[in-house]
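Okay, everyone, thanks for coming.

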Amino acid sequence: MNRLDIPSLFAAALFCTTPFCSSLLADDQPESGSVDPKPVETKEQLTPEAQQVADHLLATLPEGSEARAMLDQILEGSRLGPGEGWFAMAVAQTRFGWDYVSRHYDTDGDGQVRIEEFPGAKDDFARLDRDGDESLTPTDLDWSEHSLTMTPGRMLFYQADADSNGKLTPAEFQKLFDRLDTDGRGFLAIDDVYDQFQPPADDDRRRQHDDRPDLPSRSTLVLGLQRQEIGSLQPGPALNDEAPDFTLKSLEGDEVTLSGQVGEKPVVLIFGNFTCGPFRSHSGNIEKLYDRYNDRANFFLVYVREAHPSDGWWMTSNQRIGIDIAQPQTDDEKREVAATCQRRLDLDIPFLVDSVDDEVSARYSGMPNRLYLIDTDGRIAFKNGRGPFGFHPRQLEQALVLLLAELEMSNPQ
Ligand SMILES: [Ca+2]
Ligand SMILES: [Ca+2]
Ligand SMILES: [Ca+2]
């Protein structure tokens with residue numbers, strides 16, 4: 001089989017196994033379809049440092065907490081697969097599920113919301129209507145498939161986005177074409193493409209997943225948990241809670257206080273970091289989200305602790321594309337990495353940089369990536385499930401569109 005080498009990506013779990021997919025997986029890659037969340041069997045000895053940390057966490061993390069559930073699964077051999085540990089508990093919370101949509105907009109009670117029933121703009125409706133059939137049904141609001149699920153479309157994107165900045169350019173697309181055109185005929189036959197973008201069977205993935213070079217050891221994950229590199233120890237504010245206030249500096253040095261942003265418009269907070277491949281793969285989505293709504297909502301990207309620093313769960317996939325960053329140890333170092341992230345991802349959305357002790361991102365459970373929508377009363381109207389698996393910018397977009405429609409109906413111009 002002559003499959004393409006995949007440029008980097010992810011860092012979470014996963015069990016891809018064809019040569020194509022395993023190089024994807026080497027980066028903490030997405031996975032296809034439903035996967036039995038059974039932990040892997042490998043249980044190498046913890047290092048003395050990791051054992052000490054594990055003992056401390058076992059003594060201090062409350063039973064039943066998200067962090068304790070993740071620790072227990074790591075000690076059982078989990079490599080952070082979807083549905084394991086805190087991923088099973090920390091699912092999306094939204095005011096704007098199907099119940100809300102049908103109650104507010106299905107005026108004729110036929111179980112769907114046709115475009116004529118929606119009072120908002122047609123463009124807004126189109127963003128809600130994911131399958132484009134001009135009708136809203138539960139399918140359009142179903143986000144049960146995790147965001148690293150390996151689909152042909154995602155495989156194509158990861159393959160072509162050679163610099164892993166989440167934006168596919170014409171030049172990158174051309175390079176992919178050139179690589180697929182192995183006989184130099186100047187056109188691709190369907191079979192030249194077909195085999196390249198076939199998600200592997202689950203059994204194949206499971207059989208070989210232990211061999212991936214970037215999969216973490218138990219010790220790496222225990223230390224990553226303590227350092228909150230794989231996720232915050234706290235769950236963050238819940239739906240309808242008051243959003244915790246904070247003041248952070250932008251990359252330009254301006255101080256931004258959340259409560260000063262709340263009131264006239266909704267606030268969108270996007271937590272993320274540079275070394276997380278899944279987060280980078282969404283930067284095009286984030287840019288488009290910001291472009292579409294920044295006149296109707298206040299957007300901020302809160303830069304958090306690195307998920308895959310060179311001194312933590314290091315990724316060969318990141319290094320291959322020149323991303324090799326130690327965890328910042330001072331506020332100044334953190335600002336520098338945040339600036340690099342903004343430059344490499346070429347994002348217009350305003351960046352706020354958390355302090356080196358992660359004060360805001362820990363409180364919001366912002367690591368490694370998270371999305372919040374805050375209403376005009378300063379309360380949480382939507383939060384996604386823990387990243388990377390629960391990170392769906394378009395799910396937040398649906399909540400934002402529905403919140404904006406609610407505001408427009410209560411305050412008609
Ligand atoms: Ca209807
Ligand atoms: Ca639809
Ligand atoms: Ca790119």
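Predicted model: local features only at pLDDT ≥ 70, side-chain atom pairs only at ≥ 80, totals over all residues.

**The sheet and what packs on it**

So, start with the sheet: eight strands make an open sheet, ordered E1-E10-E9-E6-E7-E8-E4-E5, with mixed pairing. At the edges sit strand E1 (93-94) and strand E5 (255-257), each of which pairs on one side only. When I say two strands pair, I mean DSSP finds at least two bridges between them.

Residues are numbered from 1 along each chain as its sequence is written, and chains are lettered from A and ligands numbered from 1 in the order in which they are written.

Back to the sheet. Strand E6 (residues 267-272) and strand E7 (residues 298-303) are a parallel pair, joined over six bridges. Contact here means that the C-beta atoms of two residues, placed from the backbone, lie within 7 Å. The axes are lines fitted to C-alpha atoms, for helices over the stretch in contact, and angles run from 0 to 180 degrees between N-to-C directions.

For the overall picture, the protein has 18 helices and ten strands. Of its 413 residues, 46% are buried, where buried means 20 or more other C-beta atoms within 10 Å of the residue's own, exposed means 12 or fewer, and partly exposed is in between, again with C-beta atoms placed from the backbone. Among contacts with a separation of 6 or more, 72% are between residues 24 or more positions apart.

**Two helix pairs**

H18 has a helix partner too. Helix H14 (residues 283-293) packs with H18 at about 15 degrees, their axes 10 Å apart. That makes H14 roughly parallel to H18; the classes are under 35 degrees for roughly parallel, over 145 for roughly antiparallel, 65 to 115 for roughly perpendicular, and oblique for the rest. The crossing of H14 and H18 is right-handed, and in that scheme the near helix is turned clockwise from the far one by less than a right angle, or anticlockwise for left-handed. On the H14 side you have Asn285, Ile286, Leu289 and Tyr293, meeting Pro393, Arg394, Glu397 and Leu400 in H18. The residues of that contact split into five nonpolar, one polar and two charged. For the sorting, Ala, Val, Leu, Ile, Met, Phe, Trp, Tyr, Cys and Pro are nonpolar, Asp, Glu, Lys and Arg are charged, and the others, Gly among them, are polar.

Now, how do H2 and H11 lie relative to each other? The axes of helix H2 (residues 48-60) and helix H11 (residues 218-226) come within 9 Å and cross at roughly 50 degrees, so the two are oblique to each other. This crossing of H2 and H11 is left-handed. H2 brings Ala50, Val53, Ala54 and Leu57, and H11 brings Ser219, Val222, Leu223, Leu225 and Gln226. That contact has seven nonpolar residues, two polar and no charged.

In H11 the buried residues are Arg218, Leu221, Val222, Leu223, Gly224 and Leu225. Their cover includes H2 and helix H3 (66-75).

Another cis bond runs from Gly387 to Pro388, with omega near 5 degrees; Pro388 is in the loop between E10 and H18.

Then positive phi. Ser164 has one of about 55 degrees although it is not a glycine, in the loop between helix H7 (152-160) and helix H8 (170-180). Is Ser164 buried or exposed? It counts as buried, because it has 25 C-beta neighbours inside 10 Å. Asn240 has a positive phi near 75 degrees, and with 12 C-beta neighbours inside 10 Å Asn240 counts as exposed.

Conventions: Helix = DSSP H or I, 4+ residues; strand = E, 2+ residues; numbered from the N terminus.
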